[in-house]
Amino acid sequence: MAHLLIIEDDDLLRDGLTDLLKQSAHTVCNSADGLSAQSLLQEQVIDAVILDLGLPQLDGMSLLRWIRQRFESLPVMILTAREGINDRVEGLLAGADDYLTKPFNNAELTARVQALLRRARLPAFNAEVRPVTSPDDSQCLQIDSQLPRAWIFGQPIELTQREWELLRLLQQHINQVVSREDVATVWQSDAAEPSASNALEVYIHRLRRKLSGSGLNIRNIRGLGYMLEPQ
Ligand code: CA
């Protein structure tokens, strides 16, 4: 059971989402605008956020940036309109962990919220794997096995949960091709979904920037996938 925050200004949709997630045995609070959502986030311990982007007072994208500055690892799923591909890309770049397009299927929404919570809690179920306790500044890239953290020559880089999962997968297969399907398996997403390939490109782009100075690069292997390799 988790404590979820739904931020959605459409009354019907907000009530529907609240009922739906309560049925999945979660506790749910909600707000209809960005400012009251900020208050709730400061007052309560929230496990995950479902965030509509078009909101009155403080829009969803600004709220997402605000959330990322304060609650770095809080899982956030954004809700966007079907035609809003730019919104989805911008949302992922601003640090959303997942997104769902309106109108959505209730079962899919519930499953994605579960996956979001599962990924966020993964470290707790992985106790036999030792985390990196002190980063080694002689290593070009060190990735924590438990927490979404990594270091380049001992300097920490900030990673979201999904970025960390992708980077770990690439490092485990260094100098080998990682396919979109491999990534989808790790992310528990659907590789056949057209939006999934856009999302992956956004994440690869973000990781390339974060890897600058590491001596490692992520190469696009046309038609096959991506490969982490020394530059
Ligand atoms: Ca809206």
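Buried here means under 20% relative accessible area. Keep that cut-off at hand for this predicted model.

**Stop 1: the calcium ion.** Asp9 (OD), Asp52 (OD) and Gly54 (O) coordinate the calcium ion at 2.1 to 2.4 Å. Along the chain, the donors follow the spacing D-x42-D-x1-G. Asp9 sits in the loop between β1 (3-7) and α1 (11-23), and Asp52 sits in strand β3 (residues 48-52), so the pair ties together parts 43 residues apart in sequence. Now colour by accessibility. Asp52, at 5% relative accessibility, counts as buried. Asp9 is partly exposed, with a relative accessible area of 32%.

**Stop 2: Lys102.** Is Glu8 buried or exposed? Glu8 is buried, with a relative accessible area of 1%. Lys102 is partly exposed, at 23%.

**Stop 3: the two domains.** Zoom out. Colour domain 1 (3-121) and domain 2 (129-230), as given by the domain assignment. Their centres, taken over C-alpha atoms, are 25 Å apart. Select the interface: 17 residues of domain 1 are in contact with 15 residues of domain 2. The two domains bury about 1,300 Å² between them, 48% of it on carbon and sulfur atoms.

How many salt bridges does the rule find across this interface? It finds one. Show the side chains of Arg162 and Asp98, which meet in a salt bridge (3.9 Å, N to O). Between the domains, three residue pairs are in polar contact. On the side of domain 1 that touches domain 2, α4 (85-93), β5 (98-102) and α5 (106-121) each give two or more residues. The largest share, six residues, comes from α5.

**Stop 4: helices α7 and α8.** Select Glu201 and Arg180. They form a salt bridge, with the closest N and O atoms 3.1 Å apart. Glu201 is in helix α8 (residues 194-210) and Arg180 in helix α7 (residues 180-187), 21 residues apart. Both count as partly exposed: Glu201 at 39% relative accessibility, Arg180 at 28%.

Show Asp98, Glu108, Arg112 and Arg162 together. Salt bridges that share partners join these residues into one network.

Conventions: Residues are numbered from 1 along each chain as its sequence is written. This is a predicted model: local features need pLDDT of at least 70, side-chain atom pairs count only at pLDDT 80 or more; totals for chains, interfaces and linings use all residues. Side-chain values use heavy atoms; hydrogens and water are left out. Donors are N, O and S atoms within 2.8 Å of the metal (3.2 Å for Na, K and Ca); water is not among the atoms, so sites may look incomplete. Helices (H or I, at least four residues) and strands (E, at least two) are DSSP runs, numbered from the N terminus. Buried means under 20% relative accessible area, exposed over 50%, partly exposed in between (1.4 Å probe, protein chains only). Domain bounds come from an automatic or database domain assignment. Contact means heavy atoms within 4.5 Å. Buried area is the accessible area (1.4 Å probe) that two parts lose on being put together, summed over both. A salt bridge is a side-chain nitrogen of Lys or Arg within 4 Å of a carboxyl oxygen of Asp or Glu. A polar contact is a pair of N or O atoms within 3.5 Å; within protein, one must be able to donate a hydrogen and the other to accept it, and residues adjacent in sequence count only if both atoms are side-chain atoms.
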